[in-house]
Amino acid sequence: MTSVAGDVNALNFMVKLPDSELAERRGYHHGNLRGSLVEAARRLIAERGPAGFTLSDAAKLAGVSPAAPYRHFKDRQALLREVARQGFEELGGRLGAAARGGGEDGFLSMGRAYLAFAREEPAFYAAMFNTGSADGPARPDDDPGLALLREAVGRKLGTSDPETTRLAALLVFGLTHGLASLAAPGSVAMPEGLVDPERALEIGVEALLRGLMPALKDRGQPV
């Protein structure tokens, strides 16, 4: 009887708690609440896009109360930024592995890895570049992926000039990102003839780098 009375008293106490505090107590026992919410957001982004769900939708999919996510994320945008952060981390690992294993043409291996990431991880990719917030994940000039790309194109061009390698890396990244976005699953902008983005990337990068050095010299820029 004492045990039953204790359970009833505990239940009455929980019922009287405000929703936010009740959610906190439930969320505390959920396990990896933060990770579950991120995974739920990834699934929802893949199905509906970054703007197609609410924080409550993520909570429902994760199996927690609507108030539980506020233990970790102040709003939906904060959850999206965490998905984007993890996406950049995953992409950085892939690019690093590609650069190390690609030899002299490491920049092409990095490009293929980028295209594969956009194709295989559409939710990460969408969150990374469509968070809809100016204070989303930063892409500074010292980003590890961009630094690796600068080294790779510098070797290909035979130069270590910082301005030349920076420009070359940005141009290669722009081409790669553009092709990845056009060829991403569900893209409404995919051109009808873009059946092999990897081949298009190889041809485009080769043409770009072959013409870059003469173009810079014509403009009188040191290379």
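The model is predicted: local features need pLDDT of at least 70, side-chain atom pairs count only at pLDDT 80 or more, and totals for chains, interfaces and linings use all residues. Residues are numbered from 1 along each chain as its sequence is written, and side-chain values use heavy atoms, with hydrogens and water left out.

**Overall make-up**

The chain has 10 helices and 0 strands. Helices (H or I, at least four residues) and strands (E, at least two) are DSSP runs, numbered from the N terminus. Read from the N terminus, the elements run α-α-α-α-α-α-α-α-α-α. The chain has 223 residues, and 39% of them are buried. Buried means under 20% relative accessible area, exposed means over 50%, and partly exposed lies in between (1.4 Å probe, protein chains only). A contact means heavy atoms within 4.5 Å. Among contacts with a separation of 6 or more, 64% join residues 24 or more positions apart.

Two packed helices are described by the angle between their axes and the distance between the axes. Here axes are lines fitted to C-alpha atoms, for helices over the stretch in contact, and angles run from 0 to 180 degrees between N-to-C directions.

Helix H3 spans residues 33–48 and helix H4 residues 55–62. Their axes come within 8 Å and cross at roughly 115°. H3 and H4 are therefore roughly perpendicular to each other. Angles of 65 to 115 degrees count as roughly perpendicular, under 35 as roughly parallel, over 145 as roughly antiparallel, and the rest as oblique. The crossing of H3 and H4 is right-handed. A crossing is right-handed if the near helix is turned clockwise from the far one by less than a right angle, and left-handed if anticlockwise.

On the H3 side, the contact uses Ser36, Leu37, Ala40, Arg43, Leu44 and Arg48. H4 supplies Asp57, Ala58, Ala59, Leu61 and Ala62. By class, the residues of the contact of H3 with H4 are 7 nonpolar, 1 polar and 3 charged. Ala, Val, Leu, Ile, Met, Phe, Trp, Tyr, Cys and Pro count as nonpolar, Asp, Glu, Lys and Arg as charged, and the others, Gly among them, as polar.

H3 also meets helix H7, residues 122–129. The axes of H3 and H7 come within 8 Å and cross at roughly 85°. This pair is therefore roughly perpendicular too. Arg42, Ile45 and Ala46 of H3 touch Ala123, Phe124, Ala126 and Ala127 of H7. The contact of H3 with H7 has 6 nonpolar, no polar and 1 charged residues.

**Salt bridges**

Side chains of opposite charge can pair when their charged atoms come close. The structure holds 11 salt bridges. A salt bridge is a side-chain nitrogen of Lys or Arg within 4 Å of a carboxyl oxygen of Asp or Glu. Three of them are tabulated.

| Salt bridge | Distance, N to O |
|---|---|
| Arg85 and Glu89 | 3.4 Å |
| Arg112 and Glu202 | 3.1 Å |
| Glu198 and Arg119 | 3.0 Å |

Arg85 and Glu89 both lie in helix H5, residues 76–101. They are 4 residues apart, so about one helical turn separates them. Arg85 is partly exposed at 40% relative accessible area, and Glu89 is exposed at 55%.

Arg112 lies in helix H6, residues 106–120, and Glu202 in helix H10, residues 197–218. The pair therefore ties together parts that are 90 residues apart in sequence. Arg112 is partly exposed at 33% relative accessibility. Glu202 is also partly exposed, at 32%.

The salt bridge of Glu198 with Arg119 links distant parts of the chain as well, with Glu198 in H10 and Arg119 in H6, 79 residues apart. Arg119 is partly exposed, with a relative accessible area of 41%. Salt bridges that share partners also join Arg34, Glu82, Arg85 and Glu89 into one network.

**Around H5 and H6**

Glu104 sits in the loop between H5 and H6. Glu104 is exposed, at 57% relative accessibility.

Ser109 is in helix H6. Ser109 is buried, with a relative accessible area of 18%. Leaving out residues up to four places away in sequence, Ser109 touches Ala98 and Gly102.
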